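Visitor: Hello! Could you pick one part of this model and take me through it closely, with the cut-offs spelled out?

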Amino acid sequence: MPNFDFGGARGSGLGDDFHELWALRRALDMLLPSSDIAAITVEGMLLKDEKGAPSDTWDGVDCTFYYGDETIENAAKVVIDQLKYSGSDPNQNWTMSRLTASTAKTTNNSVIRKLAKAFSRIDQMRPGLLDNGALKVRLVSNQSISSAVLEALPKTADNAAARDTLRRASGLGVRAFDRLCAALDFSLCGTTSLMALEESAISSISDWTGDDASETRDLLLKKIRNLMRPDEKRSAIRKETVLGWLGYAKREALFPCPSRVIEPTRLVMREDVKAIANEILDGVQRIFVHGIGGCGKSTALFEIKRLLPEGSKLITYDCYGGGTYLNSNAYRHRREDAFIQLANELALECNMPAFLPSSRVKDFAREFHEQLVRAGALLSQQDPLSLLVIAIDAADNAVTAAKARKEEDRCFVPDFLALGELPTNVRLIVSARTGQILELGLPTNFARNMLVGFTKEETTAFVSPQLDGIDDGWIVDFHLLSKGNPRVQNYAIAFGGGNADQTLAYLRPSGKSLNEVFRAQLDFAMGKATSKAAVDQFCAALIEMPRPIPTADLAAVSGVVEAQITDICSDLEPGLQVNAGAVSFADEDFEHFISDDAATDRKLMRAKIADHFSQTHSTSEYAAEHYAQALVAADRGSDLLTLIKSEGEPAAIADPAQRRRVQRQRLRLALFVCRENHDTADAIITILIAAEALNTDSAIERIIEENLDLAAAFSPDEMDRIVFRDAENQKLQGPALCYGLALAARAENWVEVREIRRQLRSWDQLRTEYHDSLDGDEHLQSFKQWDIPDTAFAAVLEAKLRTDGARETFDLAMSWQPRSWVFDSLNVLFKRLHAMDEKALLNDLDTFAKSAGTP
C-alpha cells in the first residue's frame with residue numbers, strides 16, 4: 001500500500017505542543033473533587049480583565065488560573081503562567097542574561113519584561129491578592145532556573161547589582177519590582193518534560209473514561225487549540241467545559257442516583273449491628289444484612305459507619321431512592337447508572353479522578369472494580385488500618401425495578417454480587433428484606449446477618465430521651481407491645497405526642513406490628529373515602545400505575561374523586577407524597593404493606609389501567625408513555641401489536657427525543673410479546689416496522705460517513721461523535737482529517753494545521769501496519785476499506801498550497817504514487833478553487849506551472 005506525505009515539518013512546534021498539553025493537563029485537574037480552580041484561560045486573561053490595558057500587556061500570559069471565582073474582583077487566588085519549551089537544548093538553564101534578553105529592536109520583549117507587565121496590571125486591579133499571598137507569576141519550562149536568578153530575588157546587600165539588572169529589564173520601579181519578586185515562582189522550571197506531560201494526560205483520561213485515551217486526548221487538545229486561536233473571544237475553561245468535552249453536559253450526570261436516605265438525628269448502637277461491625281473488622285469482606293420492615297436496615301449502615309476505624313469510608317447506594325425506583329425516568333437498577341454513581345462517590349470520598357465513561361465502555365462492573373481497587377490502594381497508603389466499605393441498601397428494590405421493565409435493562413445487583421477479588425481493606429454490604437432473599441440470587445460467599453429489632457436495653461436508650469416520667473415497668477410494656485420494632489416505636493411516640501400513656505395506648509391491647517400500624521393509618525384515611533371498595537381500588541391503582549401518578553389519572557382509574565385523593569395522601573404521610581400534582585411513594589415499608597396486604601384484585605386493576613390509557617393515549621403524554629407497558633401487564637399483547645402496526649410515533653408526546661424513546665420501548669415490548677407467544681409472523685412485521693421507524697440514527701450516520709467533506713464543514717460535532725469516537729470507523733478518520741486540514745488552512749489556524757498533519761501521519765502509519773498484517777484477499781479488501789478518495793487528497797493539497805505555496809504543493813503531489821491519483825487529485829483541487837473563486841491561489845498555481853513548464 002502506498003504511503004503519502006501529508007505535508008508539514010515533523011520536528012516543529014514543540015513549544016505549541018507543550019502549551020497545549022500543559023493547558024489540557026491543568027484543565028483535567030479541574031475535575032478532581034479537591035480542585036478549587038474556577039476557570040482557566042489560554043493566551044491571556046478573560047477579555048473583561050484585559051480591558052483598559054495596552055494589548056502587549058498580556059503577551060507573557062500563556063495560561064491564567066482563577067481560583068474560587070472567575071472574576072478578578074472575587075477570585076481567591078490568581079496564577080499566571082508563561083510557558084517555555086526547548087526540544088533542541090533542554091539542559092540549558094534560564095540565566096540572568098536569558099531572562100533579560102530582548103530580541104525586539106525598538107521595544108523590550110524579554111521574558112522578565114513580559115511577566116512584569118502582566119503582574120503590574122493584575123496588582124493594580126487587585127492589590128490585596130499579593131498581600132494575601134494569592135497572586136503567583138510562574139515561568140513553566142523544561143529548562144532549569146539558574147541559581148544566580150534565585151539568589152537575586154531576595155532583597156539583600158550581596159545581590160544588589162544582580163537584582164537591579166533584573167529590575168531594569170522588568171521596567172518596574174523599586175517598590176513594584178519588590179512586589180513582583182514576592183509573586184515570582186520558578187519552581188516549575190526544569191521539572192516538566194513534554195513526554196511526561198503527555199503520559200500524565202493520557203493516564204488521567206484513561207482513569208476517567210475507562211477507555212483508550214489517545215483519541216480522547218486528540219479531541220481535547222483540539223478544543224484547547226481552538227481556544228488559542230487569535231480570533232477566539234478568550235472563552236474560559238470551566239469544570240463544566242471539560243465535562244462537556246468528555247460528553248457530559250451536566251455534572252449531575254456523574255451522580256445520576258444520589259442517595260435520599262436521611263441519617264437519623266439520634267442513633268442507638270445495637271448489639272446486632274456491633275456484631276456485623278466486628279465481622280467487618282475481623283476481615284469478612286462480603287456481608288448480607290436482612291430483616292423485616294422497620295427493623296432498621298438502612299439505619300444500621302449509619303451505625304456501622306461510626307464503628308469503623310478512623311479514616312475509613314462508607315459509601316451507600318440507595319436502591320429505593322425515596323420511592324422513585326419505579327418511576328419511568330428513574331434507572332437506579334441499571335448497571336450504567338449504579339456503577340457510575342458508585343464510582344464517582346468513590347472519587348469524591350477518596351479525592352480520585354472522576355469516572356467519565358466513554359460510549360465504548362460496556363462492562364461497567366469491571367470499570368467499577370478497577371476504581372475500587374485504586375481507591376483501596378489509595379486509602380491504604382493514607383492509613384493502613386482504614387477500611388473502604390461499599391453498601392447497597394434495599395437491593396431487592398433494584399431487582400423489582402428491573403423485572404418491571406421486562407427486558408429493557410439488566411439489574412446491576414448480580415454484577416455487584418459477583419465482583420472479583422477485593423483489596424484486603426475493602427468490604428461489601430448488601431441489605432434487603434428477608435422475604436426477598438431468593439430474588440437476589442445471593443452467592444454463598446456472603447455472610448448472612450439478620451436484624452431482629454431492639455433489645456430491651458436498646459429500647460430504653462431509644463425512648464428515654466424522648467419521654468419524661470417513664471419507669472422500667474413502662475419500658476418493658478412498650479418493648480413487648482412494639483415487639484422491639486424501631487419503626488413501630490417511632491410511630492407510637494409520634495402518636496402519643498410526648499404523653500407516655502397515650503404512647504402505650506396506641507399499641508394496646510395486644511401490641512402492633514408495623515403492618516398493623518399502617519393498617520390503622522389506612523383505616524383512618526378510609527373514613528374520608530366514599531367506600532372501602534374505592535380505597536381498596538385506590539391502593540391497587542397506587543401499586544399498578546406507573547409513577548409518579550397524575551392525580552387526575554389516579555382518580556379516573558381508582559374511582560376516588562380527585563379532590564379526596566389529596567386528603568387521603570395527606571392522611572397517609574409520610575408513606576405517600578404529592579408533588580406537582582402527582583402521587584408517589586416515599587416510604588419503602590409502607591409501599592410493601594400496600595402491595596402485599598392492602599391492594600386487592602390487582603389483575604382487574606391492570607385491565608382498568610389499560611382501558612384508561614387506550615382512551616387517553618392520543619392526548620395524554622402520561623398515557624402515551626405507559627400505554628404499551630400497561631397492555632403487556634394486562635396480558636393484552638395482541639392489542640400492543642395492533643398499536644405498533646397502526647400508530648407511528650406517540651404524537652401526544654411533545655419532546656421528540658422522549659417520543660422516540662417511548663417508540664423504541666413500544667417496539668421492544670412488542671418483540672417481547674412475540675417471543676412469549678412464539679409468533680414468528682408478527683415478530684417479522686415488528687422488526688420491519690422497527691427498522692423503518694428507528695432508522696433515523698443509522699441514516700444520519702450513513703449520511704455522515706458518505707459525505708465526510710460536508711460533515712467536516714457543517715456538522716463537525718456529529719462527525720466527531722460518529723467518526724472519531726468509534727473505533728469501528730478508524731478507516732474513515734483519515735479522509736475526515738484531510739477535510740479538516742483544508743478547513744483549518746482556510747481559517748488560517750496554523751496550529752490546527754500542524755496538529756492535523758501530525759494526526760494524519762499517525763493514522764497513515766496505522767493504516768499501513770494494518771494492511772501489511774493481512775494477506776491475499778484480505779490484503780486487497782483492506783486496501784479498499786482504508787482508501788482515501790480524490791477529494792480528500794485534494795484537501796491535503798489545498799492546505800499545502802495555503803501554507804507553503806504552489807511549488808511546495810506540486811512537490812508534494814509529485815511525491816505520491818501512482819501518478820493517476822496525483823492528476824485526479826489536482827483536477828479536483830482546481831475545480832474546488834474555481835468554485836470558491838480563489839483567484840489568487842489559482843494565479844499562483846498558474847504562474848508556477850508556466851515557470852516549471854508544467855502543462
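This is a predicted model: local features need pLDDT of at least 70, side-chain atom pairs count only at pLDDT 80 or more; totals for chains, interfaces and linings use all residues.

Guide: Gladly. A disulfide here is a pair of cysteine sulfur atoms within 2.5 Å, and by that rule the count comes to zero. Cys350 counts as buried at 5% relative accessibility, and Cys539 is buried too, at 0%. Buried means a relative accessible area under 20%, exposed means over 50%, and partly exposed lies in between (1.4 Å probe, protein chains only).

Residues are numbered from 1 along each chain as its sequence is written, and side-chain values use heavy atoms, with hydrogens and water left out.

Now for the setting. The chain has 41 helices and 13 strands; these are DSSP runs numbered from the N terminus, with helices being H or I of at least four residues and strands E of at least two. Of the 855 residues in the chain, 52% are buried. Contact means heavy atoms within 4.5 Å, and among contacts between residues at least 6 apart in sequence, 71% join residues at least 24 apart.

The part I would zoom in on is helix H19, which spans residues 456-463, where Glu458, Thr459, Phe462 and Val463 are buried.

Within H19, take Thr459, which counts as buried at 0% relative accessibility. Leaving aside neighbours within four places in sequence, Thr459 is in contact with Phe454, Ile475, Phe478, His479 and Gln489. With Gln489 there is also a polar contact of 3.0 Å between the side chains. A polar contact is a pair of N or O atoms within 3.5 Å; within protein, one must be able to donate a hydrogen and the other to accept it, and residues adjacent in sequence count only if both atoms are side-chain atoms.

Further along the chain, the backbone is worth a look. Most residues other than glycine have a negative phi, and most peptide bonds are trans. The bond joining Arg508 and Pro509 is cis, with omega about 15 degrees, and Pro509 is found in the loop between helix H22 (500-507) and helix H23 (514-526). The peptide bond from Arg547 to Pro548 is cis as well, with omega near -10 degrees; Pro548 is found in the loop between helix H24 (532-544) and S11.

S11 leads us to an open sheet of three strands, in the order S11-S13-S12 with antiparallel pairing. Two strands pair if DSSP finds at least two bridges between them. Strand S11 (549-550) and strand S12 (576-579) stand at the edges with a single partner strand each, so one side of each is left without a neighbour in the sheet. S12 pairs with strand S13 (residues 582-585) over four bridges, and Leu576 has Phe585 in S13 as its bridge partner.
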